[in-house]
Amino acid sequence: MAARIEKAALRKNPTVEVEAALYDKNDHGPVICPDRRCGCDVQGVGPGTRTIHKEDGTTEQLPIAPYFRLPKNAVKLLLGHAAQCRFNIDATVTRLVAYSREVRKFDKDCEPMLARRDTGLVEYRIHILMDVLNVLGQEMRNNASAKRKKPEDPLVATRYQRIRRALRPYLRTVRAVNSLIARVNGDSSLADLVRLCFGSHTIAWRDFFYDIDDHGRLYNYLKEKGQFRRSFGADHDWPVAFAIQVQFVRAPAENQYREWEIACVGRLCQIAPGVKVFINPVIKTNDEKLARLLTPGNFFLVCTIPTITGIKEQTKQVSEPGKPKKRRYPRAWVRLYIDHRAQICAYTPHSDSQ
Ligand SMILES: [Zn+2]
């Protein structure tokens with residue numbers, strides 16, 4: 001699995017670290033993992049690009065920064081990261097399983113979000129995440145609501161959180177799992193370690209993770225699930241992890257929702273044969289601090305229960321003097337509701353060649 005490492009240590013002098021962007025093999029020589037408990041061999045991956053599809057139908061090369069990773073087959077040859085190394089994915093998953101059990105301190109009946117099964121696979125119980133998000137969302141809207149209703153008891157998830165304090169370890173687990181997914185760039189081999197459970201179903205990795213250019217695939221998935229509205233407390237809202245790039249942040253309008261809107265970079269997608277639609281992700285949150293964290297230009301991995309709008313034809317033509325009229329494609333929106341910081345983490349896209 002391609003866990004990305006930003007800085008490596010020099011083999012000839014492990015106290016010296018070099019950043020991937022400044023690494024010169026001839027000059028620095030071989031490099032090793034910077035974790036002191038580890039020190040396995042790593043190698044530099046030079047700068048790359050990734051092709052992304054833009055609104056006007058053209059493509060653009062997104063530059064990708066260099067980084068370090070394990071040489072090919074290192075894990076098979078038992079030359080991977082040490083068991084205690086922070087870049088060791090298997091060990092990280094095992095640590096997270098132990099960590100997620102902490103909810104039991106609050107209530108012995110609380111279900112941990114992660115659990116290792118007899119098969120050796122770890123279950124990530126996404127229905128619990130969904131319940132937690134519903135509770136948080138409810139509270140946020142109650143707080144933001146001009147009417148200021150008294151916060152209600154959580155209506156859902158009583159099986160999982162009998163008391164409010166248990167939310168915190170749940171959210172820390174969510175955050176840690178998201179960071180792990182981001183660190184391996186959504187690499188599908190994570191599915192060999194972690195099974196995504198949703199109630200009694202399994203969610204395929206491909207149905208859960210969407211990379212920076214997967215807008216159309218996500219739209220089609222949510223359409224197939226009929227996810228046009230967020231239906232609180234229902235058991236059929238499907239969560240996803242989606243890598244987005246922030247475009248701009250808009251303060252809330254004085255309406256009943258008081259939501260911050262964070263526009264993300266959209267993509268022109270072919271969602272059916274001959275049907276091209278510009279798909280626009282937009283993050284919505286009632287939390288100003290959280291909105292301010294989402295700095296324009298940066299990539300984030302967002303884990304949430306999204307909804308989609310129908311497709312709207314764009315009637316107005318864009319015209320600039322002296323230039324031919326540009327065609328405006330029909331548009332649809334993917335709305336990503338964020339109720340807690342644990343749902344977002346920084347993301348670094350990988351290059352096409354990976
Ligand atoms: Zn290591």
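Author: What follows is a short exchange on helices and strands in a predicted model.

Reader: What makes α2 roughly antiparallel to α4?

Author: The crossing angle does. The axes of α2 (residues 89–100) and α4 (residues 167–183) cross at roughly 170°. Angles over 145 degrees count as roughly antiparallel, so α2 is roughly antiparallel to α4. The two axes also come within 10 Å.

Reader: Which residues make the contact of α2 with α4?

Author: From α2 come Thr 92, Leu 96, Tyr 99 and Ser 100. From α4 come Thr 173, Ala 176, Val 177 and Leu 180. Residues are in contact if their C-beta atoms lie within 7 Å.

Reader: How do the residues of that contact divide into nonpolar, polar and charged?

Author: Five are nonpolar and three are polar. No charged residue takes part.

Reader: Why is α4 called mostly covered?

Author: A residue is buried if 20 or more other C-beta atoms lie within 10 Å of its own. In α4, twelve of the 17 residues are buried. Among them are Thr 173, Ala 176 and Val 177, which also belong to the contact with α2. Asn 178 and Arg 183 are buried too.

Reader: What follows α4?

Author: Asn 185 does, and its phi is positive, near 60°.

Reader: Why is β17 described as largely enclosed?

Author: Count its buried residues. Strand β17 (residues 299–304) has six residues, and five of them are buried, so the rest of the structure largely encloses it.

Reader: Which strands does β17 pair with?

Author: Two strands pair if at least two bridges are found between them. Six bridges join β17 to β13 (residues 240–250). Three join β17 to β20 (residues 344–346). Both pairings are antiparallel. Cys 303 of β17 stands opposite Ala 241, while Phe 300 has Ala 346 in β20 as its bridge partner.

Definitions and conventions
Residues are numbered from 1 along each chain as its sequence is written. This is a predicted model: local features need pLDDT of at least 70, side-chain atom pairs count only at pLDDT 80 or more; totals for chains, interfaces and linings use all residues. Axes are lines fitted to C-alpha atoms, for helices over the stretch in contact, and angles run from 0 to 180 degrees between N-to-C directions. Helices (H or I, at least four residues) and strands (E, at least two) are DSSP runs, numbered from the N terminus. Angles under 35 degrees count as roughly parallel, over 145 as roughly antiparallel, 65 to 115 as roughly perpendicular and the rest as oblique. Two residues are in contact if their C-beta atoms, placed from the backbone, lie within 7 Å. Ala, Val, Leu, Ile, Met, Phe, Trp, Tyr, Cys and Pro count as nonpolar, Asp, Glu, Lys and Arg as charged, and the others, Gly among them, as polar.
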